[in-house]
Amino acid sequence: MARLRLATVWLGGCSGCHMSFLDLDEWLIDLARFAEVVYTPFMDAKDYPEEVDAVLVEGAVANEEHFYFVQQVRQRSKILISFGDCAVTGNVTAMRNVLASALPVLQRSYLELADTAPQIPCEEGIVPRLLEQALPVHKVVPVDYFMLGCPPPADRIRRTLEALLDGKIPDLHGSDMKFG
Amino acid sequence: MTVKTLTINGQLVSAREDETILQAARSAGIVIPTLCYLEGLSAHGGCRICLVEVNGTNRLQPACFLKVSEGMVIQTDTPRLREYRRMIVELLFAEGNHVCSICVANGRCELQDAAVAVGLDHQRLDYLYPKREVDLSHDRFGIDHNRCILCTRCVRACDELEGAHTWDVAGRGTDARLVADMNQPWGEAKTCTSCGKCFMACPTGAIFAKGATVAELDHERGRLEFLINAREKKQWRV
């Protein structure tokens, strides 16, 4: 039986959700029997592959690269899961949105707080431009399922993956639906 | 005091004639979600999450205010009510800046509990991202207006239990906000007695005691219940 083509992606996140994923510990060995991880920041894949069965997307859409990449991910994946509070609500990544635009954030970070050579990073084609507002993933692409948590605890990730391996959309309840 | 019999969710419930639907339901073990209601404080009817369907009228009524009457038929858990409750919680999350992951009340927050109860898994509305202040001028407590849902439990606790009425609401609509005394920093509000009842009454992490970090806040609501019991029933359970 073909293994589930699983991918994980991080956008404007802290990678904490991925660390929680790794907290699955030895269950990852069982997972490998049923799922093939075709793309993840943990490995050296350059391009997001076609025909991904399920992808976990961590992080808010915070810059232009995320904005275009997540659309490519959506196009090439059957099931897209917003993975963690940043992807679901914006969370800490979106706290800068109260400043209404990207410039005050860049000025504060790279000019006011710089120790030496204050300069807003700018290299066309290399440094992606910050979006004016950091967005939850579902504001950019349709999302099939939302995994809450900051980070989602490993057992919540496992229950979600087990549902996917069974060919179902996950359906968690109760305290599994708690933010934070 | 006569007893009234009514039906809630198909179940026969009896209640004293001066009780509200909310009180009658709770005595019968029926859960109606609340946010701005706190036992012992006057009802406010602001959050609208306790709305129930009453046979004979199309208008939904807040259970915290509606007095029981003989033969009343109430539904508390219909698809319409569930949708409205979810909308109310979504509106509350969109109105302020609620970042659960870094909040002192994470895990002990009634807004979070309400989100779990209505099955909120994502926000369908656009977040407002309002610019709101944090006031740390008081020496024992702080208030983070980003987390305030304007339930006014603090206003009522301070007015009705402490008698100081330090807190009140200024402004309207999305501009509405908690103010201490004459819109002063809390630390300069002369009427404040530092009793902490507003902190005990606050459902979220908006009013917090200094010294607690993420997810550590304990509102000590048991102390508020104790005070209310003492005043109303003259019982001092220790």
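**Entry 1: terms and ground rules**

I count a residue as buried under 20% relative accessible area, exposed over 50%, and partly exposed in between, using a 1.4 Å probe and protein chains only. The model is predicted, so I take local features only at pLDDT of at least 70 and side-chain atom pairs only at pLDDT 80 or more, while totals for chains, interfaces and linings use all residues. Residues are numbered from 1 along each chain as its sequence is written, chains are lettered from A and ligands numbered from 1 in the order in which they are written, and side-chain values use heavy atoms, with hydrogens and water left out.

**Entry 2: salt bridges**

Side chains of opposite charge can pair when their charged atoms come close. I call it a salt bridge when a side-chain nitrogen of Lys or Arg is within 4 Å of a carboxyl oxygen of Asp or Glu. How many salt bridges does the whole structure hold over all chains? My search of it gave 26.

I began in chain A. Arg108(A) and Glu112(A) form a salt bridge, with 2.8 Å between the closest N and O atoms. Both are in helix 5 (residues 102-112) of chain A, four residues apart, which means about one helical turn separates them. For helices I take DSSP runs of H or I with at least four residues, for strands runs of E with at least two, numbered from the N terminus. Glu112(A) is exposed at 53% relative accessibility, and Arg108(A) is partly exposed at 44%.

Next I looked at chain B. Glu90(B) and Arg86(B) form a salt bridge with the closest N and O atoms 3.5 Å apart. They are four residues apart in helix 2 (residues 79-95) of chain B, so about one helical turn lies between them. Are Glu90(B) and Arg86(B) buried or exposed? I noted both as buried.

The side chains of Glu110(B) and Arg153(B) also meet in a salt bridge, 2.9 Å from N to O. This pair links distant parts of the chain, 43 residues apart: Glu110(B) is in helix 3 (residues 110-118) and Arg153(B) in helix 4 (residues 153-162) of chain B. Arg153(B) is buried, at 0% relative accessibility. I also found one network, in which salt bridges with shared partners join Glu83(B), Arg86(B), Glu90(B), Asp121(B) and Arg124(B).

**Entry 3: aromatic pairs**

Rings of Phe, Tyr and Trp (its six-membered ring) pair if their centres lie within 6.5 Å; planes under 30 degrees apart are stacked, over 60 edge-to-face, and the rest tilted. I counted ten aromatic pairs over all chains. One of them, Phe67(A) with Tyr68(A), is edge-to-face, at 5.4 Å centre to centre and 80 degrees between the planes. Phe67(A) is partly exposed at 28%, and Tyr68(A) is exposed at 54%.

In chain B, the ring centres of Trp167(B) and Trp186(B) are 4.7 Å apart and the planes stand at 65 degrees, so I noted this pair as edge-to-face. Trp167(B) is in strand 8 (residues 167-170), and Trp186(B), 19 residues away, is in the loop between strand 9 (177-180) and helix 5 (197-201) of chain B. Trp167(B) is buried at 2% relative accessible area, and Trp186(B) is buried at 2%. Together with Phe141(B) and Phe199(B), they form one aromatic cluster.

**Entry 4: one loop residue**

I looked up Thr34(B), in the loop between helix 1 (21-27) and strand 3 (51-54) of chain B. Thr34(B) is buried, at 17%. Leaving aside neighbours within four places in sequence, Thr34(B) is in contact (heavy atoms within 4.5 Å) with Leu22(B), Arg26(B), Ile49(B) and Cys50(B).
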